[in-house]
Amino acid sequence: MSLQVADPFAHEHEEVGRHFRRNYAAHSLEGGFYIGGVALLHPQTVAPRMIETLGGPDWLIAAAPILLMVGFFTPSLFLTHRLERLPFLKPFVMRLGALQRLPYLLVGLALLLARDGDSWLLPLVVLAPLSSGLAGGVSITAWREYVAKSIPAHKRASLWAVRFVLGGVLGVGAGQVVELVLRGHALLRAYGLLHLGVFALMTASYGVFAFTREPNLPSTRHSGEKTWWSHARSMRNIVRQDPRMASYLGARALFSGLFVVLPFLGLRALQVLHTGDAFLGQLLMFQMLGSVVGNMMGGYLGDRSGGRDVMLLSLAGSVLVAAASPVLSSALGFQLEFLALGWAIGLGSVGVATLDLEMSDFAQRMSYQTVIGLSHLAGLLGAVMLAALVRQLTTSFEALAWLSAGLLLGSLLLLSRLAEPRRAALQQATGSTLRAP
């Protein structure tokens, strides 16, 4: 006969299930408002042009899409070992969430009062996403653990997808708002209004997040390290002891190769078509439409088969977008390119968020997230430096596109060697079932 092992996590599953519907809905809606807000100053479409308009150098234009993300990833390198000692996570995330949203309010008001030529304008618009990201980065590891703690593993891919779909739908509206605001106002006033719009939607996301309920389960990792140096050694041991991590970290770093060409796609469209800045609103709408489709596909595929296949599909699409970008010469061509770009990024957003957690061992989940975030941060910074160097030496858009495609292809090849972690976990769980004759 067959003897099944009692589920040692039955209490945890019951506690998570008590709040599941409420948390799933609130996490989804919170993400939609936040992503929709960011779209009003979209780091890949609107922000590079804003920085160029204010006289920013090529390296700063190249950095525009990653300013928010650099802020998010940097603090966790130094704080995760402390966050592992928190018994509950929501109060900490709430406190930092308020600070995370404040820079957009302050910068928006300052831009409405500014005059053309003020020397502090460029540093101000750069500091808004960077300081917001830094505030969010203090708590992002705790926030991810909170999501993992409150949403069952088999529902996380669809959660990320719903978040991004809602954000994409709001992003389509944001594209229309961007077009109208840039067409109807002087640039400084337009950018000030867009910053205030970001703050408004981020504040709505904060209000929705307050409705989540943290499961009555302690989050403390008793195995967590007490000092930063011990934590750093434990992260090094993760890479040494987990044979999957080398390939995955390499793939995550090279995945950022898209950011070599990404900041210059919108600028390329304006240059080739000889059109005004309002056309960026149209490109943003197409990108957000594509992201909605990609998010829905990613959620469906991710819940069924895990995050790896979703990421592979995203990488294939990203390679094609980068490789095709130098030959486009019509408005329709650029609109379709941004549609495909949104689709690929939408898939990648779901795939990355899902696979990062699936690759993480429960007992060291925060540390795993920090290691993975470090590889992503290294990839982002490397992409910015490569883009700035190529622009400085050649001013060749073609070189940016081909370099980006090559890096993405390398990521695809590395990731294709990785076994799907969800299947491996399922096989391990099946193997733990005791069978007696």
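These notebook entries record what I looked up in this structure, which is a predicted model.

**Entry on the surface.** I began with the nonpolar residues on the outside, and found that Leu 289, Leu 332, Leu 336 and Leu 339 form a nonpolar patch there, with about 350 Å² of accessible area together. Leu 289, for its part, is found in helix 15, which runs over residues 279–305. I noted that Leu 289 counts as partly exposed because its relative accessibility is 42%, and that class lies between the cut-offs of 20% for buried and 50% for exposed.

**Entry on the core.** I then turned to the largest nonpolar core, which has 113 residues, and saw that Ile 51, Leu 111, Trp 160, Tyr 248, Phe 264 and Leu 415 touch the most other members. Helix 8, made of residues 121–150, gives the most to this core, with 12 residues.

**Entry on Ser 247.** I also looked up Ser 247, which lies in helix 12, residues 245–255. Is Ser 247 buried or exposed? I wrote it down as buried, because its relative accessible area is 18% and the cut-off for buried is under 20%. Once its neighbours within four places in sequence are left aside, Ser 247 is in contact with Leu 414 and Arg 417.

Conventions. Residues are numbered from 1 along each chain as its sequence is written. This is a predicted model: local features need pLDDT of at least 70, side-chain atom pairs count only at pLDDT 80 or more; totals for chains, interfaces and linings use all residues. Side-chain values use heavy atoms; hydrogens and water are left out. Patches are made of residues with over 30% relative accessible area and no salt bridge: like charges are joined within 9 Å, nonpolar side chains (Val, Leu, Ile, Met, Phe, Trp, Tyr) within 5 Å. Accessible areas come from the Shrake-Rupley method with a 1.4 Å probe; for residues, only the protein chains shown count as cover. A salt bridge is a side-chain nitrogen of Lys or Arg within 4 Å of a carboxyl oxygen of Asp or Glu. Helices (H or I, at least four residues) and strands (E, at least two) are DSSP runs, numbered from the N terminus. Buried means under 20% relative accessible area, exposed over 50%, partly exposed in between (1.4 Å probe, protein chains only). A nonpolar core is a set of buried Ala, Val, Leu, Ile, Met, Phe, Trp, Tyr and Cys residues joined through side-chain atoms within 4.5 Å. Contact means heavy atoms within 4.5 Å.
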